[in-house]
Amino acid sequence: MTPTLRTARLLLEPYRPEDEDAFVALFQDRRVCRWLGDGRLAPEAEDRALFGRILTKVYARRLFDVWAVREDGRYVGHAEIKPTEAVGGHEIVYALAPEAWGRGLGTELVEAVVGHGFGALGLSEVHATVMAANEASMALLTRLGFAHRRDIEEEDGTTTRCLAVVRDAGRRSAPSVGG
């Protein structure tokens, strides 16, 4: 079962059925979806189906950890860590609602998920893939020790950067994760 994680300001917990509308609103926000997947807005029905799969397949089969991200009880984002063939290891995926941008919450969120990967999952390396144009996420990940590994040239002409952070020998989790 996906565990609950806490940072100084965030609570990462498994999704509940009543989170569906907030989840869909996050992924239907053009300011958010432009940085996810192929950058195109999916039909709302696809996002609702994805939410349903999280509840009925991902959690039921314990495929990977995926969280609703809350600040002061309000849904502000999404996070997951999952094995991905494209990077040959576990990749983090995260998205915050625009009203949560610019306050350091992304740093807390990534630190918590990477810390979970190194700690509970016992990983020695955690990956991220980011559109090269997403300067905010590139800067955040670089600050947290992620290093560029390679680029993927996408069919639409954009570039996706593959990054990774390696667990320090003496560190069991990411730094600064409050609790």
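Me: Where is the place of Glu154?

Reply: One thing before we start: this is a predicted model. Glu154 sits in the loop between E7 and E8.

Me: Which residues form the negative surface patch?

Reply: Glu153, Glu154, Glu155 and Asp156 make it up. While you're looking at that hairpin of E7 and E8, find Gly157, which takes a positive phi near 95°. The hairpin has 5 residues between its strands.

Me: How many bridges pair E7 with E8, and in which sense?

Reply: E7 (residues 147–153) and E8 pair in the antiparallel sense, over 6 bridges. For a position to check by eye, Asp151 stands opposite Arg161 in E8.

Me: And how many bridges join E6 to E8?

Reply: There are 7, and E6 (residues 125–131) also runs antiparallel to E8. Here you can look at Val126, which stands opposite Val165 in E8.

Me: Is strand E8 largely enclosed or open?

Reply: Count its buried residues: 6 of the 8 in E8 (residues 159–166) are buried, so the strand is largely enclosed by the rest of the structure.

Me: What about charged side chains: when can they pair?

Reply: The general idea is that side chains of opposite charge can pair when their charged atoms come close. This structure holds 14 salt bridges. Go back to Arg161 and Asp151: their side chains meet in one, at 2.6 Å, N to O. That pair links distant parts of the chain, with Arg161 in strand E8 and Asp151 in strand E7, 10 residues apart. Arg161 is partly exposed at 24% relative accessibility, and Asp151 is partly exposed too, at 34%.

Me: Which residue does Arg149 meet in a salt bridge?

Reply: Glu125, at 2.8 Å, N to O. Arg149 lies in strand E7 and Glu125 in strand E6, so the pair ties together parts that are 24 residues apart in sequence.

Me: Is Glu71 buried or exposed?

Reply: Glu71 is buried, at 6% relative accessibility. Its side chain meets that of Arg74 in a salt bridge of 3.4 Å, N to O. Arg74, in turn, is partly exposed, with a relative accessible area of 45%.

Me: Which residues are linked in a network of salt bridges?

Reply: Look for Glu13, Arg16, Glu18, Asp19 and Arg70.

How values were computed: Residues are numbered from 1 along each chain as its sequence is written. This is a predicted model: local features need pLDDT of at least 70, side-chain atom pairs count only at pLDDT 80 or more; totals for chains, interfaces and linings use all residues. Side-chain values use heavy atoms; hydrogens and water are left out. Buried means under 20% relative accessible area, exposed over 50%, partly exposed in between (1.4 Å probe, protein chains only). Helices (H or I, at least four residues) and strands (E, at least two) are DSSP runs, numbered from the N terminus. Two strands pair if DSSP finds at least two bridges between them. Patches are made of residues with over 30% relative accessible area and no salt bridge: like charges are joined within 9 Å, nonpolar side chains (Val, Leu, Ile, Met, Phe, Trp, Tyr) within 5 Å. Accessible areas come from the Shrake-Rupley method with a 1.4 Å probe; for residues, only the protein chains shown count as cover. A salt bridge is a side-chain nitrogen of Lys or Arg within 4 Å of a carboxyl oxygen of Asp or Glu. Lys and Arg count as positive and Asp and Glu as negative; His and the chain ends are not counted. The place of a charge is taken as NZ of Lys, CZ of Arg, CG of Asp or CD of Glu.
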